[in-house]
Amino acid sequence: MRRDTDEKRRTIALNGTWQFVTDPDDAGRDEGWADPDASWPERDRDRALEVEIPHSWQELEAYRDYTGRAWYRRTVSLETASDATHDGDGDRTLLRFGAVDYEATVWVNGERVGANRGGYLPFAVDATDALVDGENTIVVEVVDPDDISEIPHGKQGAPWYQRVSGIWQDVTLEVVPALRLAAIRVTPDLETDTARVDLEVSAADADVSLEEADVTATVRVTRNGNPIVSADATIDANGPDGTTFDARGTGTATFEIPDPDYWTPETPALYDVTVDLERDGDVVDRDSDYFGMRSIESRDGRVYLNGEPYFLRGALDQGYYPKTLYRPFADDLFEREVRLAKELGFNLLRKHIKPAHPDFLECADRQGLLVWEEPANPTVHTERSKREVREQLHGMIERDYNRPSVVVWSLYNEEWGIGNPQGLDEETSLWEDRDKQASLADLYEETRERDPTRLVCDNSGWAHVATDVNDYHRYFVSPDRAGAWERDLDRILENPGDNYAAARTDPEDAPLVVSEFGTWGLFDVPAVEDFYDGRPPWFDHEFLEEGLKRPAGYRERFEATTLPDVFGDLESLAEAWQWREFRSIADVIERMRARDGVAGYVITEFSDIEWEFNGILDYRREEKAFHEAFARVNAPVAVQLDLESRSVRAGETVRADAVVVNDTAETVRAELSWTAFGESGRRSLAVEPSSRTRLDDFVEIDAPSLEDVTTADVALVFGSDARTVEPVTVVPSSATTEIGTESGAETGAGGGIGIETASGGGRGTVYTDVDDADLATALERRGSTVTVAVDDLAEADAAVVTETTEAVLEYARDGGAVLLVPDADGVVADEAVFDYRRLSEDESWNLVASLFYTDDDRLEELFGTVPGWELEGLYPYTVADATDADDVSVGSVEGWLANWSAAIATRNYGEGSVRLCTFRVADAYGTHPMATVLLDELLDRCLE
């Protein structure tokens with residue numbers, strides 16, 4: 001409830017300087033630290049100091065790894081015990097805490113006045129009877145245990161991010177009437193354009209019986225200060241008899257909002273509600289809040305906002321900040337975050353695995369941004385953990401019921417705290433455990449009953465049981481696994497029930513939302529280090545996997561690879577990696593937006609967080625290199641080019657479908673035009689609201705004749721703002737003449753490299769063990785003499801093989817040149833020359849965190865410093881561990897520059913050499929233009 005300054009209430013801010021001391025020996029209670037005159041440990045013991053509240057003690061270097069018990073203390077001077085009330089007659093003084101992680105016990109002047117358990121939501125304790133005139137001492141004991149497996153903690157600690165403990169939200173002292181408003185709940189009904197206001201009244205310590213007294217309320221609704229409507233409500237007792245000091249009452253007023261303005265992200269209209277509580281005709285309390293006329297529902301596979309279809313374009317937001325952890329590091333940061341989110345085309349943020357900060361929600365309400373909110377999760381499924389998750393959900397609903405921006409509640413995420421994603425011996429999977437399924441279904445029903453105004457997602461990601469949203473977490477990298485993502489998307493759309501452990505609600509009815517996906521893109525590390533004035537503490541989290549997730553030593557790993565030869569410095573590497581991030585997420589998004597069956601998406605993530613650099617913004621909420629380009633892809637009206645092939649031969653026809661997506665509520669009419677190779681085409685088009693239009697073969701043009709492998713842009717523009725550019729790589733006909741069948745693969749990007757085609761037997765004799773007659777035929781048509789007889793191997797000028805047999809190894813030892821390539825399944829059969837790591841052919845966390853790069857002048861002319869679409873369909877399923885002795889032409893790293901590997905490399909072997917290429921070129925030679933050019937280039941090197 002919003003607390004406006006009013007003559008009936010007064011709030012005193014208690015933020016600022018507090019004393020703080022840790023209590024590792026749990027001695028504080030025995031030694032009486034709660035007493036106002038207690039002596040705390042001296043500063044020279046490095047445990048007692050002054051801190052600025054709000055804070056978490058992990059913000060301080062000395063306590064970054066501390067868990068357990070700590071104490072806070074400050075004084076507040078009150079002229080009288082009921083200081084600054086309107087008359088002080090029977091008023092109560094409440095100590096309010098926005099959030100304290102995790103267990104808090106509060107003393108005032110040595111008297112225990114209350115306690116709370118839960119790290120994310122507000123609570124209040126009544127300090128009235130403990131306060132005195134003059135100086136008052138407030139002491140708070142906070143306990144945040146080392147073992148947090150049973151308590152909701154989100155992603156604090158191993159294996160994720162920094163722990164957070166202490167008084168991390170505001171503290172206030174509020175004087176309120178004894179007979180007062182405890183809650184104002186507004187429920188809009190857009191079918192009748194009415195709003196029901198439910199009131200809760202507390203008469204604790206008030207000398208009044210709600211059954212006998214004439215207690216009423218007047219409810220007034222205004223908009224921008226202008227009166228809209230008012231109504232009266234009678235307060236009825238709902239306690240056992242209405243006469244005890246614990247009496248609580250309720251009242252309801254329902255009124256019609258004339259010609260209402262509905263709340264949407266595009267038009268965030270808000271109404272103010274003020275309630276006067278009256279006893280025997282006198283106003284005894286006044287409080288206010290705001291609300292929006294907004295509805296949200298899911299049916300027939302779609303999300304409906306205010307009765308209209310609404311496509312969700314969201315981002316995951318973890319709500320961590322550099323230095324300040326759960327708190328924003330600048331006063332205007334929440335406002336800036338919402339503005340940036342809208343600027344980037346988002347209409348939703350999924351506040352991940354912990355309740356959103358209330359100040360953020362107010363910014364979302366006022367600026368217009370949907371919020372998907374979820375509780376912090378425990379690790380295990382016990383009676384205590386179930387109870388605390390449920391209590392947390394109840395508190396979130398109570399706190400945020402009137403916030404129109406909040407449209408979805410999650411209950412759990414990826415089974416954390418209800419299933420067994422960690423593989424613990426004592427836990428069972430939600431997929432199999434019927435008792436857990438029943439418990440989750442009951443919690444879904446309970447949440448829907450408590451709050452029918454929002455959608456409920458039972459277990460975000462998979463193993464649904466009862467849910468209003470069928471959401472998926474899928475991490476594919478593109479173009480490396482573009483085909484796999486396309487197939488996965490088809491499967492998802494065709495079989496939505498496969499994502500359910502038990503279908504207590506209809507999978508066909510729930511909208512399909514991909515609520516996690518993404519790709520990493522390294523940030524400007526030196527700039528972030530400057531922000532911290534040195535080394536960020538999360539560089540050294542011991543629970544992080546060394547290298548992949550733990551940044552410590554990244555500069556040494558950078559220097560130990562060939563990355564400095566290619567990029568020069570970390571800033572240049574970061575910029576190139578960010579553009580690779582954009583290329584991947586743009587394609588993943590476009591494939592979803594082109595499908596009628598997808599109701600929305602939530603990208604991972606809005607900003608980088610500590611070591612995890614998959615944000616659209618960096619951890620400081622600063623822009624990455626692709627900021628404007630991403631905004632175009634994610635805009636309400638966007639265009640796409642669906643190219644038949646990304647790599648073509650000169651003279652072949654370049655074809656592309658045009659897709660226009662319109663997420664707005666209005667029909668969009670404009671001219672759609674394309675340009676490519678100096679040619680253009682156009683037509684007028686109208687796209688209906690909340691729909692997409694595909695124009696088959698809208699682009700159709702012959703690729704020009706060229707002497708070099710060249711990349712050209714195909715551009716598509718719709719109206720004045722929606723536009724996209726896609727690369728197409730054109731390979732000279734001389735490089736692919738009469739080779740195999742016509743290409744149907746997709747590729748694209750590169751520079752220019754001359755192709756010299758030998759004739760006759762000028763390319764020498766080539767031995768091959770590749771079980772593909774087309775390859776042998778293609779090599780012969782390219783000018784080589786081909787032999788498959790092992791007996792002829794010794795006389796061959798080069799060998800193209802998928803397996804290093806003893807004969808092949810002997811050939812290399814004797815000075816032969818071997819080109820080692822994968823078989824049709826992407827496997828390299830070699831145990832003698834290189835050590836290999838198998839890559840996933842499907843989704844993979846490691847793949848989305850990886851980067852291929854080119855350290856070879858000739859290959860860089862073919863596909864750039866960072867390979868892209870020109871190699872689509874060819875990306876490796878295997879890489880080799882790289883060493884300093886190797887000549888690495890295409891390398892790769894993962895995460896924080898770990899797992900340095902090679903996709904193309906040459907290693908000396910005896911008197912000869914083995915040149916490895918794990919791009920899947922052999923099976924595509926002669927049919928895929930870039931596969932042909934690449935294998936020819938590598939084979940030419942063997943023949944030199």
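**Note on the predicted model: loops, helix pairs and cores**

1. Proline 479 sits in the loop that runs between strand 29 (470-473) and helix 5 (482-494). Helices (H or I, at least four residues) and strands (E, at least two) are DSSP runs, numbered from the N terminus. The peptide bond from serine 478 to proline 479 is cis, with omega near 10°. Glutamate 605 belongs to the loop between strand 31 (598-603) and helix 10.

2. On the basis of this note: the model is predicted, so local features need pLDDT of at least 70 and side-chain atom pairs count only at pLDDT 80 or more, while totals for chains, interfaces and linings use all residues. Residues are numbered from 1 along each chain as its sequence is written, and side-chain values use heavy atoms, with hydrogens and water left out.

3. Most residues other than glycine have a negative phi, and most peptide bonds are trans. Glutamate 414 has a positive phi, near 50°, and is not a glycine. Glutamate 414 is in the loop between strand 27 (406-413) and helix 4 (434-450). Its relative accessibility is 12%, so glutamate 414 counts as buried (buried means under 20% relative accessible area, exposed over 50%, partly exposed in between, with a 1.4 Å probe and protein chains only). Serine 690 also has a positive phi, of about 50°, although it is not a glycine. Serine 690 lies in the loop between strand 36 (679-687) and strand 37 (691-702), and is buried with a relative accessible area of 15%.

4. Glycine 417 is in the loop between strand 27 and helix 4. Is glycine 417 buried or exposed? With a relative accessible area of 0%, glycine 417 is buried. Not counting residues up to four places away in sequence, glycine 417 touches Pro378, Thr379, Val380, His381, Ser385 and Tyr412; contact means heavy atoms within 4.5 Å. Between the C-alpha atoms of glycine 417 and leucine 916 there are 46 Å, and the two are 499 residues apart along the chain.

5. Helix 1 (residues 333-343) and helix 2 (residues 358-367) have axes that come within 9 Å and cross at roughly 45°. Axes are lines fitted to C-alpha atoms, for helices over the stretch in contact, and angles run from 0 to 180 degrees between N-to-C directions. Helix 1 and helix 2 are therefore oblique to each other (under 35 degrees counts as roughly parallel, over 145 as roughly antiparallel, 65 to 115 as roughly perpendicular and the rest as oblique). From helix 1, Phe334, Glu335, Glu337, Val338, Arg339 and Lys342 meet Asp359, Phe360, Cys363, Ala364 and Gln367 of helix 2. By class, the residues of this contact are five nonpolar, one polar and five charged. Here Ala, Val, Leu, Ile, Met, Phe, Trp, Tyr, Cys and Pro count as nonpolar, Asp, Glu, Lys and Arg as charged, and the others, Gly among them, as polar.

6. The buried residues in helix 1 are Leu333, Phe334, Arg336, Glu337, Val338, Leu340 and Ala341. They pack against strand 24 (312-317), strand 25 (348-351), helix 2 and helix 10 (627-633). Just after helix 1, glycine 345 has a positive phi of about 95°.

7. How are helix 3 and helix 4 oriented to each other? Helix 3 (residues 383-400) packs with helix 4 at an angle of about 20°, their axes being 11 Å apart, and the two helices are therefore roughly parallel. Helix 3 contributes Lys386, Arg390, Leu393, His394 and Ile397 to the contact, and helix 4 contributes Ser439, Leu443, Glu446, Thr447 and Arg450. Three of these residues are nonpolar, three polar and four charged.

8. In soluble globular proteins, nonpolar side chains tend to be buried together. A nonpolar core is a set of buried Ala, Val, Leu, Ile, Met, Phe, Trp, Tyr and Cys residues joined through side-chain atoms within 4.5 Å. The largest nonpolar core in this model has 138 residues, and Leu573, Phe630 and Phe919 have the most contacts inside it. Helix 9 (residues 570-593) gives the largest share of this core, 10 residues. Another core, of 31 residues, lies apart from it, with Trp18, Ala70, Ala104 and Phe123 among its members.
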